[in-house]
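Please examine the sequence and the three-dimensional structure shown here before reading the report.

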Amino acid sequence: MAHVSVSINGRKYQIACEDGQEAHLARLAAYVDRRINELVASVGQVGDAQLLVMAGLVIADELSDAYAEVESLKAGDRAATVRLDAEENLGAAMDSLAQRIEGVAARLKGA
């Protein structure tokens, strides 16, 4: 198990993580620290606990928006797939009708 030293709002924390995840954890901590610093700039130093709760809510809101966007994109992909399936079915139906019409025309021509 690896340990990473991170700094959030000027305080150092030792965080354990799986081996190989150190850089990822450091990036996450840096992101949280940036969000905390933005909050400090707008509301001041209101205490670590309050800042962490506020940052958690801001990040959760961002995540919620990202999930909604992914779902919207997935829905668009599903609609496009349905549209393509319908177009393929329509094309196949039109080919079948064309063959039937040609068959009827050939029979009429031979009669």
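The report below describes strands, a core and a helix in this predicted model.

Strand S1 covers residues 2–8. Its covered face carries Ala2, Val4, Val6 and Ile8, whereas His3, Ser5 and Ser7 belong to the uncovered face. In a regular strand the side chains alternate between the two faces of the sheet.

Asn9 lies in the loop between S1 and S2. Its phi is near 55 degrees, a positive value in a residue other than glycine. Is Asn9 buried or exposed? Asn9 counts as buried because its relative accessibility is 15%, and the limit for a buried residue is under 20%.

## The nonpolar core

The largest nonpolar core contains 11 residues. The covered residues of S1, namely Ala2, Val4, Val6 and Ile8, are members of this core, together with Cys17, Leu25, Ala29, Ile36, Leu39, Leu51 and Ala55. S1, helix H1 (22–43) and helix H2 (48–110) each supply at least two residues of the core.

When its neighbours within four places in sequence are left aside, Ala2 is in contact with Ile15, Ala16, Cys17, Glu18, Asp19 and Glu22.

## Helix H1

Helix H1 has 22 residues. From its first C-alpha to its last, H1 reaches 31 Å, close to the 32 Å expected at 1.5 Å a residue. After H1 comes Gly44, which has a positive phi near 90 degrees.

Which residues of H1 are buried? They are Leu25, Ala29, Asp33, Arg35, Ile36 and Leu39. These residues lie on the same side of H1 because they cover an arc of only 165 degrees around the axis. Arg27, Ala41 and Ser42 are exposed on the other side of the helix.

## Arg35, a buried residue of H1

Arg35 lies in helix H1. Its relative accessibility is 18%, and Arg35 therefore counts as buried. The side chain of Arg35 makes a polar contact with the side chain of Glu38, at 2.6 Å. Leaving aside neighbours within four places in sequence, Arg35 is in contact with Val58, Ile59 and Glu62.

Technical notes:
Residues numbered from 1 in each chain as written. Predicted model: local features only at pLDDT ≥ 70, side-chain atom pairs only at ≥ 80, totals over all residues. Heavy atoms only, no water. Buried < 20%, exposed > 50% of the residue type's maximum accessible area, 1.4 Å probe, protein only. Helix = DSSP H or I, 4+ residues; strand = E, 2+ residues; numbered from the N terminus. Core = buried A, V, L, I, M, F, W, Y, C linked by side-chain atoms within 4.5 Å. Contact = heavy atoms within 4.5 Å. Expected span 1.5 Å × (residues − 1). Arc of directions from axis to C-beta. Polar contact = N/O pair within 3.5 Å; in protein donor to acceptor, adjacent residues only side chain to side chain.
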